[in-house]
Amino acid sequence: MTPRRGLGHHGQVPISFFDLLADEGWEPLEFFQGDPTFYWNDGGFIANAPVDIAATLDDAIWRSTNVEPAFRWQGRRIRPDFTVPKRHVNHPQLMIVVGGQLTVEYGANGEETRQIGPGELWTGDAKVPFTVTSGPEGVTYLECWDLQPLGLIETTWYDDGHWKRRESGSKTFPQP
């Protein structure tokens, strides 16, 4: 092999062959209450919010271990008839549905609603709130941001009634 020259941000990307709709290659996506990239709409970090992110989202969303990170895509799967609580992210986002159905409510008060099926996509603007709800068969999709590293994605969550509540404040993280 010869060294890269003049390729800028381009480089070698591995080629993988797999079926994103197959059951192999998926693992639960775990959520951490102390994640420093998760904020609460009423101020501060989600660590101090009155909700339990793990109890709400764990076992509802899975991540693909087959999707190559070099492409900046992430494979996601949401269990049937589940609504991910309202949130916004700090960069534009693209979602492409591969299987199942996804309903997106978009805007400060959910002014726009779209149902997205296999082969269809949705783009979300930075800092515009949205919720997603999977259809009766669940949904499998790809999502990406034009940002590297992905750790720079900040998510602000809203108290929209889809959360499991904590009985009391955090005993692990400082309270406001």
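Biologist: Hi! Where is the place of Thr 155 in this chain?

Modeller: Hello! This is a predicted model, and in it Thr 155 sits in strand S10, which covers residues 155-157.

Biologist: Nice. Is Thr 155 buried or exposed?

Modeller: Thr 155 is buried, because its relative accessible area is 8% and the cut-off for buried is under 20%.

Biologist: And what does Thr 155 touch, leaving out residues up to four places away in sequence?

Modeller: Thr 155 touches Thr 37, Phe 38, Tyr 39, Arg 87, His 88 and Val 89.

Biologist: Let's zoom out for a moment. How many helices and strands are there in the chain?

Modeller: The chain has 1 helix and 10 strands.

Biologist: Among contacts between residues at least 6 apart in sequence, how many join residues at least 24 apart?

Modeller: For those contacts, the share is 73%.

Biologist: OK, on to the inside. How many residues are in the largest nonpolar core?

Modeller: That core has 27 residues, and Ile 46 and Trp 157 are the ones with the most contacts inside it. At least two core residues come from each of strand S2 (38-40), helix H1 (53-57), strand S6 (93-106) and strand S9 (130-144). S6 gives the most, with 5 residues.

Biologist: New topic: charges. How many salt bridges does the count come to?

Modeller: The count comes to 4 salt bridges. One of them joins the side chains of Asp 23 and Arg 77, at 3.6 Å from N to O. Asp 23 lies in the segment before strand S1 (26-28) and Arg 77 in strand S4 (residues 73-78), so this pair ties together parts that are 54 residues apart in sequence.

Biologist: Are those two buried or exposed?

Modeller: Asp 23 counts as exposed at 64% relative accessibility, whereas Arg 77 counts as buried at 14%.

Biologist: Which residue does Arg 63 meet in a salt bridge?

Modeller: Arg 63 meets Glu 27, at 2.4 Å from N to O. Arg 63 is in strand S3 (residues 61-64) and Glu 27 is in strand S1, so to speak distant parts of the chain, 36 residues apart. Arg 63 is partly exposed at 28%, and Glu 27 is partly exposed at 33%.

Biologist: What about Arg 76?

Modeller: Arg 76 forms a salt bridge with Glu 143, and their closest N and O atoms are 3.3 Å apart. Arg 76 lies in strand S4 and Glu 143 in strand S9, so the pair ties together parts 67 residues apart in sequence. Arg 76 and Glu 143 are both buried.

Biologist: Which buried residue has no salt bridge?

Modeller: Asp 35 is one: Arg 76 is its nearest side chain of opposite charge, and that is 9.9 Å away. Asp 35 lies in the loop between S1 and S2, and its side chain makes a polar contact with the side chain of Thr 37 (2.7 Å).

Biologist: Last one: what is phi of Asp 59 near?

Modeller: Phi of Asp 59 is near 70°, a positive value in a residue other than glycine. Asp 59 lies in the loop between H1 and S3 and counts as exposed at 52% relative accessibility.

Notes:
Residues numbered from 1 in each chain as written. Predicted model: local features only at pLDDT ≥ 70, side-chain atom pairs only at ≥ 80, totals over all residues. Heavy atoms only, no water. Core = buried A, V, L, I, M, F, W, Y, C linked by side-chain atoms within 4.5 Å. Buried < 20%, exposed > 50% of the residue type's maximum accessible area, 1.4 Å probe, protein only. Helix = DSSP H or I, 4+ residues; strand = E, 2+ residues; numbered from the N terminus. Lys, Arg positive; Asp, Glu negative; His and termini not counted. Polar contact = N/O pair within 3.5 Å; in protein donor to acceptor, adjacent residues only side chain to side chain. Contact = heavy atoms within 4.5 Å.
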